[in-house]
Amino acid sequence: MTTDLLSIDGLGVEIAGLPVLSDVSLALPSHGVLGLVGETGSGKSLTCRALMGLLPRIGGRVVAGSINFAGNTLTEMDERGWSRVRGGQIGFVPQASLNALDPVMTVGSQLRESVKHLDPGAEVNARSTELLELVRLPDPQGVLRRYPHELSGGMRQRVMIALALAGRPRLLVADEPTTALDVTVQKAILEVFADLRAASGMSLLLVTHDLGVVADVADTIVVMYGGTVVEVGNTTQVMSAPAHPYTAALLGARPASRAPGERLVTIPGVPAVPGQWPTGCRFVPRCTHAQDVCRIEQPVLLPLTGDRSSACHGWPGQSEEAPTHV
Amino acid sequence: MSDLLLEVTDAEFRYAKGSAPAATGINLEVRAGEAVGIVGESGSGKTTVGRGLVGSLHPSAGAVLVQGRPWKGMRRRDPVRRVVQMVFQDPYASLNPMLSAQATVAEVVRVWDGAKADVATVRAEEILAEVGLSGEVIRRRPAGLSGGQRQRVGIARALACGPQVLVADEPTSALDVSVQANVLNLMLDLRARRGLAIVLISHDLAVVDYLTDRALVMLNGKVVEQGDTRTLLQHPSHEYTKTLIGSIPGKPLAFSP
Amino acid sequence: MTTASLTQTPAPAPRKHWLRLPHWRFAQRRPRGALALGLALLALIVLATIFVPMFSPYTATEIAGKPLMPPSLAHLFGTDTAGRDVFVRTWVGGRNDLLMVVLVVVASSAIGTLVGVVASMSSQLTDSILMRLTDALISFPGMIIVMAIALVFSGVGEVGPFPRGALPAVIAIVAINWASYTRLVRGEALSLRSRDFITAATLLGYSKTRIIVRHLLPNLATTVVAYMVVDAIVAVVTIAGMPFIGAGIQPPAPEWGSLMLAGSTVLYSAWWVTVMPGLVVTVYGIALSLIADSLLAEVDGGAR
């Protein structure tokens, strides 16, 4: 698998001695778009933080596995090496970034500072304008002169993406980039991502709790639950025939998946909390299909037909088209 | 008595005298048991209309009537106040951080039914059970509850005074999709069980389509299209409605588990 | 910096005061520990002010030995220029100070909070009038008002446990001090008022009194208490400064400020007269700032 720009293999993370991620694996080829999906607490944001080398700030550390990016093993690098890669080759749009801009500096001065730092050869003003054009902000010159509070939520999010693009990254990681935005704005931001990928061949890692958000953009979907990966597959296949009951429930929870007035699929109970992971499958307490084997043995991520994999012992009444273990 | 609960005629809303109106030309009727959607982006005026419906903002022109009476000048303890209650967007800001779920709901019962503390506590327990909260959870303060649980407490608080209309302003947009499903199901149940009318304010057409019979589409403070929700979605006449429909992420995919 | 540095929201502006209070980093990380330590130190001081005067062989005003004797077993803190025992004077003085501080802080916070909450819940006109009044009080040179008020009440003699001059000083300080609580409380209350749970309370037809008592005040409590603790440090300094303008506790009754002032003339030959009470005051300040920091850490951390 030498073509993968990013590969995470068997990643395990602990915070203050408590395991929060275990055996997380995913691969993202160059030019690829990967959607990392799961509820609050599934470990998707932590995986991002691990990738960005931001774990030490929250007292976490990698205890197993590795993160490989463009031929480098990030997990073997020291803080400085990692931060060089992070700023330059991996751009990051953090969660809840709508308030992340400095309120007392203009957009221009913040953007120019990033460009100066991350793209030393570039003509600062021209590049700043270009970055705002890349994220399709109308009137880039005007936006550069404005302060964050003068911009709408959607515009601020575009500025955040422009900032993440300053170092001409090969991979852009966006954690819940559209969560607080109107659907029309969300659509526009997703189009920006699709454009960026087409224009620059950049890879994208999109993190979200809503499968619908990544359905239009991502090639591959990775579903996380309880700090581990439960399903991986091609987007259309996962959306039409999920191979894990958790994925099926996430899809059935979307209002668009049901006729008006018909009850939505809900997941009983609360998400698995680190430190209280059950033995066996972590989804067992909330799974409506759980069998005896699920309570004893934790299923591992196994390849299925059709270039997919899932971590499930299988369940009766599974969709006909759903793949089976090879 | 007619079943007309809320009646808005040619209403215009401004936040300050002389400022530009945040919403104009609003006409809306809400009858018992109906579910009406108000769709639009931030800044479209949909939240303003919601505030007008619950009486926290008075129209600068036109009228908003609850069971035939205007909000303006209504006394604090007028029984008509019970008719309309609100569910808020932000599950963090909408609950008093110092009060437990049970205390929050019991307070409403005490104030409106003049019940003694112990009676109110029992009644609060029943109402919280109706929204799916029971056991030790209801003695927790908001900080100890999940987003979905907080939103249930918010709904229980609104239910506690026995309303006939629930105005919900983006009740699920701060929640995960899986949690949103729980809250939407609950609202369906309440409508079926209590015959509650629902006004759902949302930017998400998928949610509005799922829950409502009739909808208004708002843009820049005006209603650009209104009618039967299904017709609106299948045969939108206004360009903006079409844009909204095109923005629903991951368009309905034929799928059943 | 990398883009990651932008993820941090701007730090809130540090709370400023002309009196530089120490800030304890560990109070942010371990608020409980800091609170316990602060309370323990404070308890030690309070207990000493109660029991030392009871069991000491000397009284605060009697000549107990030769002047300016260094600390010894007989006189733990030495003796002062008149030969009085500094140890017992420190703790009797502490009792006078603490009684005044408690009165100042409780009275100003009660008045200030009430006015602040009422202003935040009132019509714009009432709010403006109340706030202009507090602004005027805050901007007025405090010591002049204190002097004037202390003079007006100078006839008040010894009342209960308060020596002569103590009550006029308390009245004078409270008269200007409440305004700072009003500013703080009104700001907090206004931001609380914009939160949806207050909107919900209004829609449910709750009375103003109920909203204030059940929904606003409990949520203001931590902030006000934290400020009271900080204020208790400031109040000691204010009280200690009053002898300079001829107000405050009248000699020979001891008080921390006047004790240290008296020793300043002999600082190089008899350091203990100033340093020993000074150490006690320092411990007092540390204890209160630990408590304040742990409470503030709770407020900031628990905001969400």
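**Architecture of a predicted three-chain model**

In chain C, the mean positions of the 21 positive and 14 negative charges lie 7 Å apart, where Lys and Arg count as positive, Asp and Glu as negative, and His and the chain ends are not counted; each charge is placed at NZ of Lys, CZ of Arg, CG of Asp or CD of Glu. The model is a predicted one, in which local features need pLDDT of at least 70 and side-chain atom pairs count only at pLDDT 80 or more, whereas totals for chains, interfaces and linings use all residues; side-chain values use heavy atoms, with hydrogens and water left out. Residues are numbered from 1 along each chain as its sequence is written, while chains are lettered from A and ligands numbered from 1 in the order in which they are written.

The secondary structure of chain C consists of ten helices and zero strands; helices (H or I, at least four residues) and strands (E, at least two) are DSSP runs, numbered from the N terminus. Along the principal axes, the C-alpha atoms of chain C occupy a box of roughly 75 × 55 × 35 Å. Of its 304 residues, 47% are buried, a term that denotes under 20% relative accessible area, with exposed over 50% and partly exposed in between (1.4 Å probe, protein chains only). The accessible surface of chain C is about 15000 Å², 69% of it supplied by carbon and sulfur atoms; such areas come from the Shrake-Rupley method with a 1.4 Å probe, and for residues only the protein chains shown count as cover. Among contacts (heavy atoms within 4.5 Å) in chain C between residues at least 6 apart in sequence, 73% join residues at least 24 apart.

Chain A comprises eleven helices and twelve strands. Its radius of gyration is 20 Å, close to the 20 Å that the globule rule gives for 326 residues, so chain A is as compact as a globular protein of that length; the radius is taken over C-alpha atoms, and the rule is 2.2 Å times the number of residues to the power 0.38. The C-alpha trace of chain A spans about 65 × 50 × 35 Å along its principal axes, and 58% of the 326 residues are buried. In chain A, the mean positions of 26 positive and 31 negative charges are separated by 5 Å.

Chain B contains eight helices and ten strands. For its 257 residues the globule rule gives 18 Å, and the radius of gyration of chain B is close to this at 18 Å, so the chain is as compact as a globular protein of that length. Within helix H1 (residues 46–54) of chain B lies B:Gly52, which is buried with a relative accessible area of 1%. Not counting residues up to four places away in sequence, B:Gly52 touches B:Phe13, B:Leu57, B:Val64 and B:Trp71. The C-alpha atoms of B:Gly52 and B:Glu12, 40 residues apart along the chain, are 9.4 Å from each other.

Chains C and B bury about 2000 Å² between them, 55% of it on carbon and sulfur atoms; buried area is the accessible area (1.4 Å probe) that two parts lose on being put together, summed over both. On the chain C side, C:Leu203, C:Leu204 and C:Arg214 lose the most area to chain B, together 33% of what that side buries. The contact involves 17 residues from chain C and 26 residues from chain B.
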